Number of protein chains: 2
Amino acid sequence: MSGWVIIAGLGPGDDALVTPEVTAALAEATDIVGYIPYVRRVAPRDGLTLHESDNRVEIDRASHALTMAAEGRRVVVVSSGDPGVFAMAAAVFEAMEDRPDWQALDVRVLPGITAMLAAAARIGAPLGHDFAAINLSDNLKPWDVVVHRLQHAARGGFAMAFYNPRSKSRPHQFGDALKVLRAELPGNVPVFFARSVTKPEEEITAVPLAEATPEMADMRTVVIVGTAATRAVGRHHYTPRSVS
Amino acid sequence: MSGWVIIAGLGPGDDALVTPEVTAALAEATDIVGYIPYVRRVAPRDGLTLHESDNRVEIDRASHALTMAAEGRRVVVVSSGDPGVFAMAAAVFEAMEDRPDWQALDVRVLPGITAMLAAAARIGAPLGHDFAAINLSDNLKPWDVVVHRLQHAARGGFAMAFYNPRSKSRPHQFGDALKVLRAELPGNVPVFFARSVTKPEEEITAVPLAEATPEMADMRTVVIVGTAATRAVGRHHYTPRSVS
């Protein structure tokens with residue numbers, strides 16, 4: 001029997017956002033690999049082995065999945081959101097470098113609803129025109145690259161979505177990011193903090209950039225920054241399609 | 001009975017990518033509103049009226065949906081992909097401007113799998129790090145804004161996804177966009193053309209920027225531009241998570 005690896009996006013939290021394609025892959029799997037809270041979203045059943053791993057061991061986890069597939073197992077690597085957006089897909093391909101045997105395996109990516117789009121839907125349409133998605137973590141890139149990207153995104157007039165805005169090991173960076181944005185954008189640009197989006201404890205907050213503080217974000221927050229054109233209509237906020 | 005409007009994303013084409021949340025909304029609707037090919041993806045049934053409209057009448061279509069909801073009907077406005085990404089959500093909120101009666105209605109957005117993420121999944125993980133999504137159409141913004149954004153996205157080191165790269169009424173712009181990119185990026189940066197992604201006629205092509213030609217894109221294509229770091233591993237292409 002030939003094994004495979006499917007890297008699947010479970011969406012932001014609500015099971016009603018898991019695509020039928022991903023549900024079908026989970027039903028065919030012999031093994032589920034992933035970060036603890038994502039693996040726990042998969043219902044146990046006979047014939048299915050759940051392999052939970054800690055955060056920050058993405059390459060080990062990817063290698064484990066590929067090793068099992070080479071042995072004929074059907075492995076789903078689960079990601080939150082979309083696996084291609086700051087999640088496991090790139091890590092699996094990185095683990096395949098210099099391994100022609102793994103490169104010959106059947107490896108597929110199944111998309112999911114990524115956090116910024118679930119958050120945007122709750123807010124209205126803040127990403128209704130051109131936008132940039134930026135990982136604010138400097139675990140894998142120097143902080144000056146983050147600053148450079150924030151500046152170009154602001155100068156280009158992009159709305160923005162930030163993943164991993166803040167963690168215990170990086171408490172000061174989001175404050176620095178806000179300073180960079182304040183130097184580039186008007187203080188009335190709206191900033192949205194979407195915490196645990198689509199989960200029971202979901203919280204969405206909107207403040208002008210001038211009033212945004214680092215404490216408004218944590219590990220479970222995706223931050224969306226509008227443009228000078230983003231505006232409220234009733235309970236909703238949107239970025240108009242037109243630029244004059 | 002109180003009406004509502006749900007703006008729902010049907011994903012890029014394959015029904016296996018329609019979320020259960022959207023399927024449930026379609027089952028509760030009395031009316032479906034949208035561009036002809038998207039409405040035709042919804043199965044007819046008793047008690048459901050399908051309202052097909054032509055392209056480029058987004059505000060009329062949104063006003064029609066809001067008018068019916070105000071009369072107590074349950075209306076789903078269908079978009080391809082995700083309604084918040086260059087699709088119907090912003091148009092519905094725009095139609096609600098200066099209409100406090102419509103602003104008081106129950107209006108919700110349900111996210112969907114947007115074309116760039118479905119395309120990225122097929123390619124590997126070309127959007128595996130920071131990226132920008134740009135609508136190349138100048139129907140609603142001046143072309144010099146598009147050029148300005150392309151330049152900032154390139155200078156910021158973002159991977160890029162282009163929606164609406166080319167149409168019969170705008171045959172020359174994608175060629176101009178390629179010229180802008182060639183002035184900013186190395187000629188070996190990979191460009192991916194994903195046509196009719198997830199549909200039976202799907203076609204994915206990868207070429208170096210230096211060899212990309214305008215004819216490679218049409219209305220049904222989403223274009224993904226990697227970065228100088230994007231590389232092939234086996235049959236897949238990915239943009240590494242790390243920046244050194």
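This is a short tour of a predicted model, stop by stop. Residues count from 1 along each chain as its sequence is written, and chains are lettered from A in the order in which they are written. Local features need pLDDT of at least 70 and side-chain atom pairs 80 or more, while totals for chains, interfaces and linings use all residues.

**Stop 1: two domains.** Select chain A. Colour domain 1 (4–113) and domain 2 (116–238) separately; the bounds come from an automatic or database domain assignment. Their C-alpha centres lie 28 Å apart. Seven residues of domain 1 and 10 residues of domain 2 make the contact (C-beta atoms, placed from the backbone, within 7 Å).

**Stop 2: chain A against chain B.** Show both chains. Each gives 59 residues to the contact. On chain A, elements supplying at least two residues include α1 (20–28), α7 (143–155) and β13 (236–238). Helices (H or I, at least four residues) and strands (E, at least two) are DSSP runs, numbered from the N terminus.

**Stop 3: a strand pair.** Zoom to β7(A) and β7(B), residues 131–135 of chain B. They pair in the antiparallel sense over three bridges (pairing needs at least two DSSP bridges). Click Phe131(A): its bridge partner is Ala133(B).

**Stop 4: a helix in chain B.** Select α1, residues 20–28 of chain B. Glu21(B), Val22(B) and Leu26(B) are buried (20 or more other C-beta atoms within 10 Å of the residue's own C-beta; exposed means 12 or fewer; C-beta atoms are placed from the backbone). Look down the axis of α1(B): the buried residues fall within an arc of 135°, so they line one face. The arc uses directions from the helix axis to the C-beta atoms. These buried residues pack against β1 (4–9), β4 (74–79) and β5 (106–110) of chain B. Turned away from the buried side are the exposed Ala27(B) and Glu28(B).

Definitions and conventions: Contact = placed C-beta atoms within 7 Å.
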